[in-house]
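Trainee: I'd like to learn how to read a model like this one, feature by feature. Could we go through it together?

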Amino acid sequence: MIKFFRKIRQNLLTDNKFSKYLLYAVGEIVLVVIGILIAVNFNDWNTNRKQTAEIHELLKAFEKDLITSIENATLVLNVSSQKDSLIRLVLNNRLSKEDYENKRFGALILNYNRITTSQENLIKLLNREEQVSSDLQPLLKSLKKYQGLISQYIHSQERLSEYVATQNEFFTDNMVWFRAYWESGDERAVDYFLNDPIYKNKVNFYRVMLINNYATSVAEYRNRAISLLYMLQYHIGINSNYEGALKGIGLLPLKEVDCQDDVILQANSGASFAPLIFNATKDTLDVHLSYLIRDEMDIWTMTLSPNEQLDGDFFAPHYFEIRKNGECLAKIHGGHDYLIIDPNLVE
């Protein structure tokens with residue numbers, strides 16, 4: 001057999017067919033290389049297709065997590081706002097003996113509403129950062145900020161939890177009337193809640209922990225969740241309905257009024273929290289926020305780049321203007337929960 005192939009090779013060489021033989025060999029090599037490249041590209045395409053499908057499913061699962069998180073955060077904010085109204089009554093000495101006798105206010109600083117957030121799908125998405133396509137980069141950036149806000153509210157929640165636990169221990173260990181008050185009422189408890197100045201200090205500190213720290217961090221976390229819910233609709237298909245989902249929770253978009261209209265603000269007795277203001281346009285915009293605090297108007301101005309949002313502190317009643325190059329594009333009356341500044345709003 002070896003002699004047979006040697007003879008063929010010698011015939012090719014002696015017959016001056018070496019160039020044809022070489023061309024044939026090169027052609028075979030090229031075909032093999034092309035076949036390898038096709039196989040590699042097919043494998044890459046198939047891998048990318050699977051990764052894209054997996055990320056798409058993660059985004060759909062994360063959307064459900066967001067809706068649950070927004071709902072839980074909204075409950076905390078609503079209860080916190082109600083508590084703030086009650087706290088103001090305590091600190092302004094506007095409660096009567098009867099108010100404490102019905103036990104409505106006695107547990108004011110002894111409890112709070114706790115929330116938890118499922119981070120499983122969020123972590124899975126962030127772990128796939130290298131697989132995320134370029135059109136998902138703004139979403140990925142917002143996901144990282146969202147994770148940071150989760151850590152922030154958890155820290156505030158833990159501090160509030162520790163304070164509430166300490167107060168429960170204090171009342172249990174030091175107030176001999178504590179159990180009797182809850183069972184059948186006790187005049188000593190009523191007198192304490194009405195007149196003890198240290199208790200008023202405790203209530204004031206509780207308000208700082210609840211409203212200024214915990215609820216404010218929850219509001220920023222909820223606002224980021226709402227903007228993420230809006231951004232997701234462009235990546236998970238036409239079945240996404242962020243407005244319907246938010247309406248089901250009880251959250252409504254802010255309404256536009258004419259730039260020339262006057263907006264009259266009226267003070268209220270409870271805390272309200274900064275609404276989401278998200279710039280979904282490709283332009284850099286200015287937000288001029290006017291709010292009423294202690295019967296006086298104040299103004300806060302900030303610049304919003306594309307895909308950025310207003311993450312602020314809690315405010316009293318407010319309205320704001322969206323401006324570009326100093327020109328008012330829209331005036332928005334406060335009172336609801338979120339505003340998505342899209343091209344339709346500013347055209």
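Trainee: Which residues gather in a patch of negative charge on the surface?

Mentor: Happy to start there, with the reminder that this is a predicted model. The patch of negative charge on the surface is formed by Glu-256, Asp-258, Asp-261 and Asp-262. Glu-256 sits in strand β1, which covers residues 255-257.

Trainee: Is Glu-256 buried, partly exposed or exposed?

Mentor: Look at the relative accessibility and compare it with the cut-offs: under 20% is buried, over 50% is exposed, and partly exposed lies in between. Glu-256 has 45% relative accessibility, so this residue counts as partly exposed.

Trainee: Now a charged residue elsewhere. Where is Arg-207 found?

Mentor: Arg-207 belongs to helix α8, made of residues 197-232. With a relative accessible area of 15%, Arg-207 is buried, because anything under 20% falls in that class.

Trainee: Which residues is Arg-207 in contact with, leaving aside its neighbours within four places in sequence?

Mentor: Those contacts are with Asp-84, Ile-87, Arg-88 and Asn-212.

Trainee: What about Asn-325: what is its phi, and where does Asn-325 lie?

Mentor: Phi of Asn-325 is positive too, at about 55°, although the residue is not a glycine. Asn-325 lies in the loop that links β8 (318-324) with β9 (327-333). Asn-325 is exposed, since its relative accessible area is 75%, and the cut-off for that class is over 50%.

Trainee: Let's step back to the whole chain. How many helices and strands are there?

Mentor: The chain has ten helices and ten strands. Of its 347 residues, 41% are buried. The accessible surface comes to about 20,000 Å², and carbon and sulfur atoms account for 51% of that area.

Trainee: And what share of the contacts with a separation of 6 or more comes from residues 24 or more positions apart?

Mentor: That share is 77%. To read such a figure, think of how far apart along the sequence the partners of each contact are.

Key:
Residues are numbered from 1 along each chain as its sequence is written. This is a predicted model: local features need pLDDT of at least 70, side-chain atom pairs count only at pLDDT 80 or more; totals for chains, interfaces and linings use all residues. Side-chain values use heavy atoms; hydrogens and water are left out. Helices (H or I, at least four residues) and strands (E, at least two) are DSSP runs, numbered from the N terminus. Buried means under 20% relative accessible area, exposed over 50%, partly exposed in between (1.4 Å probe, protein chains only). Contact means heavy atoms within 4.5 Å. Accessible areas come from the Shrake-Rupley method with a 1.4 Å probe; for residues, only the protein chains shown count as cover. Patches are made of residues with over 30% relative accessible area and no salt bridge: like charges are joined within 9 Å, nonpolar side chains (Val, Leu, Ile, Met, Phe, Trp, Tyr) within 5 Å. A salt bridge is a side-chain nitrogen of Lys or Arg within 4 Å of a carboxyl oxygen of Asp or Glu. Lys and Arg count as positive and Asp and Glu as negative; His and the chain ends are not counted. The place of a charge is taken as NZ of Lys, CZ of Arg, CG of Asp or CD of Glu.
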